[in-house]
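Morning, everyone. Have the sequence and the structure open while I talk.

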2 protein chains.
Amino acid sequence: MEILKQRILKDGQAIGIGILKVDSFLNHQLDVELLNEIGKEFHKRFSDVEITKILTIEASGIGIACMTALYFNVPVVFAKKAEPSTMVDGAYQAKVHSFTKNKDYNISVSKKYLTQSDKVLIIDDFLAKGGALQGLEDIVRQSGAQLVGAGIVIEKAFQEGGKSLRDKGVRIESLAVIQSIMDNEIKFY
Amino acid sequence: MEILKQRILKDGQAIGIGILKVDSFLNHQLDVELLNEIGKEFHKRFSDVEITKILTIEASGIGIACMTALYFNVPVVFAKKAEPSTMVDGAYQAKVHSFTKNKDYNISVSKKYLTQSDKVLIIDDFLAKGGALQGLEDIVRQSGAQLVGAGIVIEKAFQEGGKSLRDKGVRIESLAVIQSIMDNEIKFY
């Protein structure tokens with residue numbers, strides 16, 4: 001997605017080896033016009049499949065998921081983060097390892113909002129080592145719903161998350177795929 | 001806002017005295033068509049003022065803020081929650097007391113994304129005792145930006161948050177104002 005790549009080059013901060021900050025438009029401040037274009041693009045890429053629900057994870061996935069859901073005309077469900085000790089009644093749960101913060105946390109989704117008849121599109125801002133996406137995939141599997149695919153805004157292809165999930169058969173559409181971040185320079189595929 | 005009130009009566013869960021759960025359409029699962037109507041309504045109510053930025057707080061404010069921002073054509077900034085011990089460089093911070101969880105947490109917004117020249121509309125899902133809204137108001141004040149007002153989806157008027165913020169001069173527009181929740185029955189103003 002060309003306007004996204006240009007925006008990453010213009011406003012993203014490449015830091016050292018492998019780190020990219022995009023909090024001026026995607027993670028903390030949100031450019032909703034860009035999010036709207038992102039939603040439109042996900043709709044185009046997944047126009048060949050039926051989708052009944054969009055699943056994301058708090059917090060930075062929510063805006064993107066909402067814009068995408070407008071095009072599909074389906075509800076969003078966002079997984080909530082909680083400490084691993086917190087048990088939640090009536091919820092699907094999965095453990096996620098955050099490599100950024102080097103700790104585990106649980107995510108949960110109420111059983112009321114994902115059912116066997118759902119066809120689920122997962123939406124998230126980043127795919128790097130794949131911790132969050134694997135947790136969401138786990139939750140969809142527990143619910144018995146069909147995982148139609150995952151729409152990712154920025155994939156760091158030099159980390160293993162994308163490969164390991166594609167190897168499991170998950171269809172992933174990433175709008176900007178980064179080959180490397182080195183010496184503060186970003187290279188896309 | 002009539003369709004919102006009808007939806008609260010239809011799908012909200014009034015629990016005992018004073019508790020309302022709306023996680024089937026506003027807090028966990030998100031009805032984005034309704035959120036879109038909510039955004040349109042906030043735009044109508046604040047059409048008389050200039051707004052350059054929408055400020056909200058993770059996580060459940062984000063979807064509503066994004067839909068509203070589409071109508072105003074301005075960016076969203078969401079305050080991040082962190083433990084009170086976490087110090088964040090280059091950020092405005094405020095302490096918020098959560099009455100639901102009975103603990104304090106800090107919220108923070110990067111100084112890069114709120115400036116003296118901003119005219120800020122705060123958007124949030126609930127206003128009850130006013131903890132979150134007071135924290136956001138505090139952050140706007142620290143930044144030197146102008147607080148234009150606050151758009152709230154559901155205000156529990158039987159709690160003191162709305163009064164204390166209006167007494168401070170904050171313009172608040174609430175789309176559904178609840179007079180009481182008793183014996184599992186919701187009464188609106």
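This is a predicted model: local features need pLDDT of at least 70, side-chain atom pairs count only at pLDDT 80 or more; totals for chains, interfaces and linings use all residues.

Let's begin with the interface. The area buried between chain B and chain A is about 2,600 Å². Carbon and sulfur atoms give 63% of that area.

Now look at the polar side of the interface. Twelve residue pairs are in polar contact between chain B and chain A, with both partners at pLDDT 80 or more. The count of salt bridges between chain B and chain A is zero.

Strand β3 of chain A, residues 29-30, pairs with β5(B). The sense is antiparallel, over two bridges. If you want a place to look, find Gln29(A): it stands opposite Val77(B) in β5(B).

On to salt bridges. Side chains of opposite charge can pair when their charged atoms come close. Over all chains, the whole structure has 32 salt bridges.

Start in chain A. Asp11(A) and Arg7(A) meet through their side chains in a salt bridge, 2.6 Å from N to O. Both lie in helix α1 of chain A, residues 2-11. They are four residues apart, about one turn of the helix. Asp11(A) is partly exposed, at 27% relative accessible area.

Next, Arg171(A) and Glu173(A). Their side chains form a salt bridge at 3.5 Å, N to O. Is each one buried or partly exposed? Arg171(A) has 26% relative accessibility, so it counts as partly exposed. Glu173(A) has a relative accessible area of 19%, so it counts as buried, the cut-off being under 20%.

This pair also belongs to a network of salt bridges. The linked residues are Glu41(A), Lys44(A), Arg45(A), Asp48(A), Arg171(A) and Glu173(A).

Now switch to chain B. Lys53(B) and Asp118(B) meet in a side-chain salt bridge at 3.7 Å, N to O. Lys53(B) lies in strand β4, residues 53-57, while Asp118(B) lies in the loop between β7 and β8 (119-127), so the pair ties together parts of chain B that are 65 residues apart in sequence. Lys53(B) is buried, and Asp118(B) is buried as well.

Last stop: Ile38(A). This residue lies in helix α2 of chain A, residues 32-45. Why does Ile38(A) count as buried? Its relative accessibility is 0%, so it falls under the 20% cut-off.

What is Ile38(A) in contact with, once neighbours within four places in sequence are left aside? The list is Met1(A), Leu4(A), Leu26(A), Ile64(A), Val153(A) and Leu175(A). For contrast, take Lys119(A), 81 residues from Ile38(A) along the chain. The C-alpha atoms of those two are separated by 20 Å.

That's the tour. Questions, please.

Key:
Residues are numbered from 1 along each chain as its sequence is written. Chains are lettered from A and ligands numbered from 1 in the order in which they are written. Side-chain values use heavy atoms; hydrogens and water are left out. Buried area is the accessible area (1.4 Å probe) that two parts lose on being put together, summed over both. A salt bridge is a side-chain nitrogen of Lys or Arg within 4 Å of a carboxyl oxygen of Asp or Glu. A polar contact is a pair of N or O atoms within 3.5 Å; within protein, one must be able to donate a hydrogen and the other to accept it, and residues adjacent in sequence count only if both atoms are side-chain atoms. Two strands pair if DSSP finds at least two bridges between them. Buried means under 20% relative accessible area, exposed over 50%, partly exposed in between (1.4 Å probe, protein chains only). Contact means heavy atoms within 4.5 Å.
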